[in-house]
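Keep the structure open beside the text as you read.

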Amino acid sequence: MTGFPRERLRVGFVGTGFIAEFHLRAMIGVRNVDVTGVYSRSAANRERICRLAGELGLGPCRSHESLEELVQADDVDAIWILSPNDTRLGVMQVIHGEVTAGRSKVFAVACEKPLARTIGEAREMLRLAEDARLNHGYLENQVFCTPVIRGKEIIWRRAASTTGRPYLARAAEEHSGPHEPWFWQGDRQGGGVLSDMMCHSVEVARHLLTAPDAPRNSLRVKSVNGTVANLKWTRPHYADQLRQRFGNEVDYGNRPSEDFARGNILLEDEEGNELVIEATTSWAYVGAGLRIQLELLGPEYAMEFNSLNTGLKIFMSRAVTGAEGEDLVEKQNAEQGLMPVLDDEAGVYGYTDENRHMVECFRTARRPLENFEDGVAVVEMLMGLYRSAEIGQTVTFPAPELDDYVPLVARPRR
Ligand SMILES: NC(=O)c1ccc[n+]([C@@H]2O[C@H](COP(=O)([O-])OP(=O)(O)OC[C@H]3O[C@@H](n4cnc5c(N)ncnc54)[C@H](OP(=O)(O)O)[C@@H]3O)[C@@H](O)[C@H]2O)c1
């Protein structure tokens with residue numbers, strides 16, 4: 001490639017919701033980057049992001065009335081796809097169309113998790129990116145969590161090098177349920193909590209088990225076994241609550257997606273050693289905020305991290321009133337009592353290092369650690385887990401029957 005390294009990377013956002021704002025705030029900790037453009041359907045949302053980019057010193061950021069206009073802009077080098085899961089492929093098709101027609105100078109694209117709702121969609125995302133000769137990054141923030149970076153480095157350097165590789169990774173992510181209706185609609189989102197949150201758990205676990213500098217495909221999935229359940233949101237009282245909050249489109253009395261999922265994944269390394277990933281995710285956890293729990297175990301060592309065991313805690317008595325403490329930690333359900341506070345959410349959740357990595361890779365024409373190939377591999381594991389839960393059996397890999405598989409809760413309504 002010519003013209004690299006670029007001095008700065010000029011990023012355009014597609015999407016202006018929860019995660020777009022998180023990425024923008026995380027970009028304060030990234031060098032050599034400007035956020036120069038944004039597109040989503042609502043002008044008010046675009047203006048909000050442009051204003052924030054200006055306030056954070058990341059702009060000037062321009063609001064574009066169409067996706068085509070954003071992708072054609074002279075001051076945009078890379079697109080961050082941050083819109084809902086059912087818009088992914090359409091967005092990627094437009095980027096591909098504009099770039100291959102010579103109307104766009106965009107040379108890289110980063111996409112939020114999950115890369116797609118099915119294996120077919122995920123492979124098409126990868127194909128379109130490669131066909132348009134775009135560098136590509138898969139935005140899986142947990143791989144870049146500061147405790148994951150530090151923990152993995154220490155375990156592999158000190159413990160695995162002297163006593164043998166780790167063999168078991170446990171990963172759990174739980175909270176009280178998503179903030180927007182589309183997440184709850186199986187056909188739009190691609191599934192329930194398994195698709196929405198286990199995408200994090202399987203990938204961070206796979207990353208922890210992979211030797212530093214070894215390619216991700218040095219581990220081979222042998223089989224997957226999944227369970228899904230409806231623990232909370234199908235109960236009549238809670239189904240009513242969802243309907244009142246999000247409207248009739250979110251009907252958990254008649255059309256629920258799972259709010260709990262468990263997955264066991266058996267893998268093999270290049271020497272034939274067996275490895276295991278145990279993942280648990282839930283939208284039915286009411287605690288002091290989003291809880292990420294990670295463990296990495298080997299023959300003579302163990303690592304563990306719990307995102308709610310924070311060093312900083314705040315106590316507020318009953319006399320202190322106000323809204324629930326989302327400003328203290330994501331998905332905090334209470335506003336009183338002893339509460340954990342993440343003093344740097346963007347760092348601990350991995351958004352800062354993730355963005356720094358993507359920007360530096362794109363600027364210098366290197367392939368990111370997490371790219372669309374990893375996004376495809378994640379969707380393959382998720383579809384295997386859904387199918388295993390549906391048929392009540394372990395699914396062995398390779399599993400060509402998953403190529404056109406659609407999870408039960410994501411199939412079109414009759
Ligand atoms: N890494 C993580 O931990 C994490 C956390 C949350 C979300 N995510 C992922 O990030 C993505 C977005 O989630 P979110 O929480 O930000 O959702 P959200 O709050 O609902 O925001 C979605 C945004 O997309 C825009 N949008 C909708 N349709 C669009 C279209 N056709 N073209 C362009 N923009 C469109 C919406 O704005 P308009 O109404 O103005 O179009 C809105 O700004 C999802 O894929 C989700 O899985 C990741």
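The C-alpha centres of domain 1 and domain 2 lie 25 Å apart. Domain 1 covers residues 9-142, while domain 2 is made of 146-351 together with 378-408; such bounds come from an automatic or database domain assignment. Before going further, please note that this is a predicted model, in which local features need pLDDT of at least 70 and side-chain atom pairs count only at pLDDT 80 or more, whereas totals for chains, interfaces and linings use all residues. Residues are numbered from 1 along each chain as its sequence is written.

Where do the two domains meet? Their contact takes 21 residues from domain 1 and 25 residues from domain 2, with two residues in contact if their C-beta atoms, placed from the backbone, lie within 7 Å. On the side of domain 1 that touches domain 2, the elements giving two or more residues are α1 (18-26) and α5 (119-131). Here helices (H or I, at least four residues) and strands (E, at least two) are DSSP runs, numbered from the N terminus. The most comes from α1, with five residues. By type, this side of domain 1 has nine nonpolar, seven polar and five charged residues (Ala, Val, Leu, Ile, Met, Phe, Trp, Tyr, Cys and Pro count as nonpolar, Asp, Glu, Lys and Arg as charged, and the others, Gly among them, as polar).

Now look inside. The largest nonpolar core has 114 residues, and those with the most contacts inside it are Ala78, Ile95, Leu115, Met125 and Leu382. Such a core is a set of buried Ala, Val, Leu, Ile, Met, Phe, Trp, Tyr and Cys residues joined through C-beta atoms within 7 Å, where buried means that 20 or more other C-beta atoms lie within 10 Å of the residue's own, again placed from the backbone. Helix α13 (residues 372-391) supplies the largest share, eleven residues. Each of domain 1 and domain 2 gives this core at least three residues. Leu382 touches Pro114, Leu194, Ser195, Met198 and Cys199, not counting residues up to four places away in sequence.

Finally, turn to the ligand. Of the 21 residues around the ligand, Gly17, Phe18, Ser40, Arg41 and Ser42 come nearest; a residue counts as near if its C-beta atom, placed from the backbone, lies within 6 Å. Helix α1 gives the most to this shell, with three residues. The shell divides into seven nonpolar, ten polar and four charged residues.

Note on methods. A residue is buried if 20 or more other C-beta atoms lie within 10 Å of its own, exposed if 12 or fewer, and partly exposed in between; C-beta atoms are placed from the backbone.
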